[in-house]
Amino acid sequence: MASLFLLLLIVGLLTECKGIHNDLFPFRNVSLDWPVRVDDLVSRLTVHEIIDQMAYAGGWDAGVTPPIPRLNILPYSWGTECLRGDVSENSTGFPQAISLASTWNKELVKAVANATAYEVHAHYNLFTKEGLYGVHRGLSCFSPVVNIMRHPLWGRNQETYGECPYLSGMFAIYFVHGLQGPSSARYLNTNAGCKHFDTHNGPENIPVSRFSFDVKLSEFDWRSTFLPAFHACVNAGSYGIMCSYNSINGVPSCANNRLLADILRKEMNFTGYVVADDDALICINSEHHYVDTNEEAAIVALQAGVNLELADSPGATMFELLHQAYNEGKVNNQTLIERVKPLMYTRMRLGEFDPREMNDYNKIPMDVIQCESHRNLARQTALQSFVLLKNQDNFLPIRYPQKFQNVLFLGPMSNNPMQQYGDYSPIIDPYYVTTPLSSLQDSFLNTSYNEACLDGTKCLKYNQTDIINYLKINSFDLIILSLGTGPDIECEGNDRVSMNLPNNQSQLLEDVLNTINVEKTKILLLTISGTPLDIQLAQQSNKIQAIVHVGFAAQELGEALKMALIGDGISKFGRLPFTWPKKLSDIPGDLTRYDMTSGFTYRYSKIEPLYPFGYGLSYSNFSYNDLKFNATNIIAGDSLKISFNIKNIGERISDEVVQIYLTIHLKNTSLTNVSRAQLVDFDRLSDIEPLETIMYQAIIKPQQMAVYIDGKGFMIVPATLEFQIGSFIQPYLSGNIIIDGPDYYIGQYISYASI
């Protein structure tokens, strides 16, 4: 009996001590400053515990950061994707990133990010309650993607915000703020992780593998095109940055001391964590052959500044080799301490080491998933992402659908939920998905549906004879032709081989045009893709009345189309965030060429595109007038105020997307590395009434007037600033300002974008 009493006493004391032990550690003391708490927590970890905390970012379900029972620290799941919804979970399906960019609506993009964060946190709350850990079960997002779209064939263009560093940077800022929540709040909702740092802009697999590709680029292109959006991400407060697979001028990104230490931390003042892309560390040895062993790959990545490794399996986890490296004296204890601190700080700001009841985000319920407000947001976002490319004789909107007695929905994208989402999507729930067929067919008296391509968007199984006969035998007043790509054609790991419509889709388009009677049958073409397609034939043909680029609008695609096209129609069309070339040969090189000044993107190309960057029609017309500057001559380093009036001169309520471009004409003409034009301001104005006039004002900041000069950095120098309002090709308004005075230094690296 005495022995039993003693055992119970010991158990009781241990239980009591465990509670005291957990509560009294300074790192759990909510009254202390964050750095003090982080320092205390890290000081209690052994070297080998630190290494384990850095080695498992979660490329597979068991690959989560391990627990530390003696400190009552639970496992943590780092690998969550939040590109436009809680990826790979049951979640609201918002339009793909490139479609978000097509909205040219910063606040809308922020709202999508915020809704995504709430759904991610709802899942996290459920998983935590059930003790589940694994991929996509944490609060740390590997999003947004802020790489620049510079070539139409790259498989991951759809994940980006387009080809403009300023546009991408602005959306990066708003998306980061939406994911993380107010900067003044004690806790983050989720934390952002901008990727892929840096110059990870294709190829995926054609003509070489992304795992071994070595980008060759100039200092000018690096600083002027590929770094600014990441700088904007850092300035926005992103807690994470993901280093990329590729090498840059011979040095792998995740082993690149200049990139991760000098540029990211010293010049951009980044204080967060760097996570290596999935298996990127093993590629340092196996693909780039930058070092001779996997252990060396782990060491150079650690020394360069990588804090966390994402890998697909235990055998590919290079940071596990740091245990032996440390034992052999190859790794410095202080380096490990400094690398793990940003990880623990991030988890602390997510509320992991505070009482759960202190964090209101921990109260987010699962019924926020696919809630009505989030579905409405997805629908409004899809509506604003559509780009009206052609509207011959004002064919759209279809005010009186009943006049079309027989309507044919034709093509592999007419009713293809999986492909209309694009890559990196939430789990597709058929209950919520709307397609062109499902949403539009009820608007017409009699409808037919023919997929034409029996294997979907790949369209290898196409019977030309059957389709031609079908079109001849049946009489249709309207054909809604839905063509495009989807992740079967373009996605991570899979570049396109050409700009053509996939395989026999081009033939299908030709067969329709060659068969139908233009006097009898009207054609509406919907393009559902993440990148430009060769549709010159459709643009030029008078048999096609209208073309709408739908993008990857995801679950609300169909319902949003109905709002835009049927009845009075809602004039909320977007604008292209990329240049749409006429043909592939207009691009100055293949996916391996990174010489931007040779003619990539609107900033450097001099070839007339099919549709220029920023292009898009609406159901109304606008006039711009009364352009004013606060000065006609400014001193280098001064800001500039611009104002002008915008009037809706059409008969429809409509949105308008304002765009301001700047061309810098240097007095010193020997400085040739200047873009043809650069977007410096934009905004979407909503629901402008007919005859309504709005005065628009913008402030152009000094960094937007800077040019990069080798050996000096970004400078403002004597020049003429030519501003184009509305479009840089055919502007509504234009005006010049003179910059005088001595040269003005901005910095070695700039973001272009800021708020």
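Helices (H or I, at least four residues) and strands (E, at least two) are DSSP runs, numbered from the N terminus. The model is predicted, so local features need pLDDT of at least 70 and side-chain atom pairs count only at pLDDT 80 or more, while totals for chains, interfaces and linings use all residues. Residues are numbered from 1 along each chain as its sequence is written, and side-chain values use heavy atoms, with hydrogens and water left out.

Leu-350 sits in the loop between α13 (333-349) and α14 (372-385). Leu-350 is buried, with a relative accessible area of 6%. Buried means under 20% relative accessible area, exposed over 50%, and partly exposed in between (1.4 Å probe, protein chains only). Contact means heavy atoms within 4.5 Å. Beyond residues up to four places away in sequence, Leu-350 touches several residues, including Tyr-76, Leu-139, Tyr-187 and Asn-359. Thr-190 is also among them. The C-alpha atoms of Leu-350 and Thr-190 are separated by 6.9 Å, although the two residues are 160 residues apart along the chain.

Four strands form an open sheet in the order β1-β3-β6-β7, with parallel pairing. The edge strands, β1 (193-197) and β7 (308-309), each pair on one side only. Two strands pair if DSSP finds at least two bridges between them. Strand β6 (residues 273-276) pairs with β7 in the parallel sense over two bridges. Val-275 stands opposite Leu-308 in β7.

UniProt, in an unreviewed entry, places the feature "domain: Glycoside hydrolase family 3 C-terminal" at residues 387-619. UniProt positions are given in the numbering used here, feature names are shortened, and annotations may be inferred rather than shown by experiment. Over residues 387-619 the chain is 21% helix and 14% strand.
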